[in-house]
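Got the sequence and the model open? Let's go through it in questions and answers.

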Amino acid sequence: MSGVHDCVIAGGVEVMSQVPIGSNIVDGFKAGHGMPMSESVQEKYRESLKQFEEFDINPTQFSQFGGAELLAKKYGLSKEDLDRFGSTSHQRAHAATKAGKFQAEVVPVPVKASSGESTGMLTEDEGVRPGATYEATAKLKPLYKNGVISPANASQISDGASALLICNERGLERLGLKPRARICAQALAGDDPVMMLEGPIPASKTCLAKAGLAIKDIDLYEVNEAFAPVPLAWCKALGADFERLNVNGGAMALGHPLGATGVKLMTTLLHELERRKGRYWSQHRQTNPHPHWAVASRPHQPTHPPRRGVVISAKPGGRSVSPQSGVSQPVGSRRC
Ligand SMILES: CC(=O)SCCNC(=O)CCNC(=O)[C@H](O)C(C)(C)COP(=O)(O)OP(=O)(O)OC[C@H]1O[C@@H](n2cnc3c(N)ncnc32)[C@H](O)[C@@H]1OP(=O)(O)O
């Protein structure tokens, strides 16, 4: 809001089935606008990009898939670690769906067949595999030579939408609303653009310092499962408790409709924290090509439950190639 607006609707709509990740790069290239990774940028990171050779990944490109492989290697995460987490994500998402935990936060979507005929309402996220087991995920081959990333430990390509109203005190007064949560601190961090997926770690450390909190103070955390190594590396680096991480499953099961994911995570966290009568939650995601973001919040008095759309699984149509840049904010200290 940056001191400009009193009320802001944050959210996003993503139709990855029609507009795959990286489409703007592909279309821009076809239109003669070149590629985002110029030769000078590639030259700057030439030595670092050589790390991709081990996985037979084109070393002239910055790839999130490559970044996920590098992250797993750096944090000593095996394919078994990632696959176990992948199946846990499905099991947790299935248990939460079955228990009706998402009902209050999901806006059912009317569905039409391609013939135009109405086929009813879609009320649940589509990507969850009720019978997911480690044994089944372990059978999937890695996408790259010497790699550990497979479809079962990467986020799903999905369609989805979400929205959230954020106000300052004046905005709340004007609209006559009681808030459900207060944002205590936020942080952005830029990080290694080749590894690229490690950014939630410095962003989280800055955010905790700004909030005057330690990781042990946080009751629940959501770290986006863009790829399984992202939350697992984050957990190791922060000394966080796995049992408080993505407790209702994450993007490996529920999908990652890019522009909608941030608000979806916040909505799910708020509902779960209220159920548990917890105090603080934190949320982290890598937002290539933007800086990585972390936010610590705590609940306020509940009024109207926030809602989100269902996440609809879709077949992938493209691969992503994203650079990432950004700045770290200065660390101030404030107790929430
Ligand atoms: C900034 C950021 O946030 S970065 C993150 C951005 N997001 C991304 O980049 C998306 C990453 N994910 C992807 O690109 C895709 O999901 C991929 C490439 C990993 C996989 O794509 P696909 O191969 O089309 O996936 P698909 O869903 O068909 O699964 C492949 C196979 O694995 C099987 N499978 C997938 N998950 C599981 C599972 N948990 N258990 C058992 N089998 C599984 C599928 O059934 C399928 O089997 P089949 O070939 O016999 O039908």
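Q: What share of the chain's contacts with a separation of 6 or more comes from residues 24 or more positions apart?
A: This is a predicted model, where local features need pLDDT of at least 70 and side-chain atom pairs count only at pLDDT 80 or more, while totals for chains, interfaces and linings use all residues. Numbering runs from 1 along each chain as its sequence is written, and side-chain values use heavy atoms, with hydrogens and water left out. Contact means heavy atoms within 4.5 Å. Among contacts with a separation of 6 or more, the share from residues 24 or more positions apart is 78%.

Q: How many helices and strands does the chain have?
A: Helices (H or I, at least four residues) and strands (E, at least two) are DSSP runs, numbered from the N terminus. On that basis, the secondary structure comes to 11 helices and 11 strands.

Q: What percentage of the 336 residues is buried?
A: Buried means under 20% relative accessible area, exposed over 50%, and partly exposed in between, using a 1.4 Å probe and protein chains only. With that cut-off, the buried part of the 336 residues is 49%.

Q: Are helix 5 and helix 9 roughly parallel or roughly perpendicular to each other?
A: The axes here are lines fitted to C-alpha atoms over the stretch in contact, with angles running from 0 to 180 degrees between N-to-C directions. Those of helix 5 (residues 79-98) and helix 9 (residues 229-238) come within 10 Å and cross at roughly 105 degrees. Under 35 degrees counts as roughly parallel, over 145 as roughly antiparallel, 65 to 115 as roughly perpendicular and the rest as oblique. The pair is therefore roughly perpendicular.

Q: Which residues make the contact between helix 5 and helix 9?
A: Helix 5 brings Asp81, Leu82 and Phe85. From helix 9 come Pro229, Pro231 and Leu232.

Q: Which residues touch the most other members of the largest nonpolar core?
A: A nonpolar core is a set of buried Ala, Val, Leu, Ile, Met, Phe, Trp, Tyr and Cys residues joined through side-chain atoms within 4.5 Å. The largest one has 48 residues. Those touching the most other members are Leu82, Phe227 and Trp234.

Q: Which helix gives the most to this core?
A: Several elements each supply at least two residues, among them helix 4 (64-74), helix 5 and helix 8 (200-211). The top contribution is six residues, and that comes from helix 9.

Q: How many of the 10 residues of helix 9 are buried?
A: The buried residues of helix 9 include Trp234, Cys235 and Leu238. Helix 9 is mostly covered, and its buried count is eight.

Q: What covers the buried residues of helix 4?
A: Nine of the 11 residues of helix 4 are buried, including Phe65, Glu69 and Leu71. Their cover includes helix 5 and helix 9.

Q: Is Gly249 buried or exposed?
A: Gly249 sits in the loop between helix 9 and helix 10 (251-254). Beyond four places away in sequence, Gly249 touches Ser89, Arg92, Ala93, Glu222, Glu225 and Leu254. With a relative accessible area of 3%, Gly249 is buried.

Q: How far apart in space are Arg180 and Leu270, C-alpha to C-alpha?
A: Arg180 lies in the loop between helix 7 (169-175) and strand 6, and counts as buried at 9% relative accessibility. Arg180 and Leu270 are 90 residues apart in sequence, but their C-alpha separation is 8.2 Å.
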